[in-house]
Amino acid sequence: MAKRVDPRVQRTRALLRAAVLELATEREPESITIAHVAERATINRATVYQHYRDRDELLLDAMDNELAGLDGLVARCPLVVLPHAVPPAFVDILDHVDAHAVLYRRMLGPCGSARFINRLHQLVAEQVTLQLVEAGVGPSDSPVVGMRAHCATGAFMGLVTHWLHDAPVHPEGAADDAWQALRPAGGGAVTP
């Protein structure tokens, strides 16, 4: 039987998550303090610490919905065996990031959240690992699968970060350009 969470705790956490996300659209995450969050949420600063250890834990919790949405899109996108044409799921990923560009830009920027970056990397690597296993590369605990998954994840993270910060192109155009870069020079599908 699941433990019932007090509705007051749920309301307080919702206020804190909304406040920190609002602040993250206005300033760099490293400049946000617990005092700022408490003031924005109209909650006592000590109350914040009853729910979260620090600002980064709160930021990560607040970004969980965004990460869950992105994780679902990555799960649908072929990142191991690449089809010739840009898959719609790849465009969907960039559309999702673009819809929340200010937050992603701040969270993935030089003053962003290391915990967020690590969590995003972990989620993408898990999805790529599943695709590698399905493609017959090996079991999920294989060192080869792990290296390939993290290599592909690094490329994905680099692509998204570069696009957000240095190449402000419409998501569909960015997806086309990125897909060209991901495909081998001969145009054949990347195989495991």
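Analyst: Start with aspartate 54. Leaving aside neighbours within four places in sequence, aspartate 54 touches Ile34 and Arg115. Keep in mind that this is a predicted model. Aspartate 54 sits in the loop between helix H3 (45-51) and H4. Now look at isoleucine 34. Isoleucine 34 and aspartate 54 are 20 residues apart along the chain, yet their C-alpha atoms are separated by 7.4 Å. The side chain of aspartate 54 also has a polar atom 3.2 Å from the backbone nitrogen of aspartate 56.

Step back to histidine 51. This residue belongs to helix H3. Histidine 51 counts as buried, because its relative accessibility is 15%. Beyond four places in sequence, histidine 51 is in contact with Val9, Thr12, Arg13, Leu16 and Glu57.

Next, go forward to H4. Helix H4 covers residues 55-62, and helix H1 covers residues 7-26. The two helices pack with their axes 9 Å apart, at an angle of about 95°. H1 and H4 are therefore roughly perpendicular to each other. From H1, the contact uses Arg13, Leu16, Arg17, Val20, Leu21 and Ala24. From H4, it uses Leu58, Leu59, Asp61 and Ala62. What kinds of residues are in the contact of H1 with H4? Seven are nonpolar, three are charged and none is polar. Arg13 and Leu16 of H1 take part in this contact, and histidine 51 touches Arg13 and Leu16 as well.

H1 and H4 have another partner, helix H7. Helix H7 spans residues 101-108, and six of its eight residues are buried, so it is largely enclosed by the rest of the structure. Those buried residues are Ala101, Leu103, Tyr104, Arg106, Met107 and Leu108. They pack against H1 and H4, and also against helix H5 (64-76), helix H6 (88-99), helix H8 (114-134) and helix H9 (143-166).

Finally, check the confidence. The chain has a mean pLDDT of 89, and 94% of its residues reach 70 or more.

Note on methods. Residues are numbered from 1 along each chain as its sequence is written. This is a predicted model: local features need pLDDT of at least 70, side-chain atom pairs count only at pLDDT 80 or more; totals for chains, interfaces and linings use all residues. Side-chain values use heavy atoms; hydrogens and water are left out. Axes are lines fitted to C-alpha atoms, for helices over the stretch in contact, and angles run from 0 to 180 degrees between N-to-C directions. Helices (H or I, at least four residues) and strands (E, at least two) are DSSP runs, numbered from the N terminus. Angles under 35 degrees count as roughly parallel, over 145 as roughly antiparallel, 65 to 115 as roughly perpendicular and the rest as oblique. Contact means heavy atoms within 4.5 Å. Ala, Val, Leu, Ile, Met, Phe, Trp, Tyr, Cys and Pro count as nonpolar, Asp, Glu, Lys and Arg as charged, and the others, Gly among them, as polar. A polar contact is a pair of N or O atoms within 3.5 Å; within protein, one must be able to donate a hydrogen and the other to accept it, and residues adjacent in sequence count only if both atoms are side-chain atoms. Buried means under 20% relative accessible area, exposed over 50%, partly exposed in between (1.4 Å probe, protein chains only). pLDDT is the predictor's confidence in each residue, from 0 to 100.
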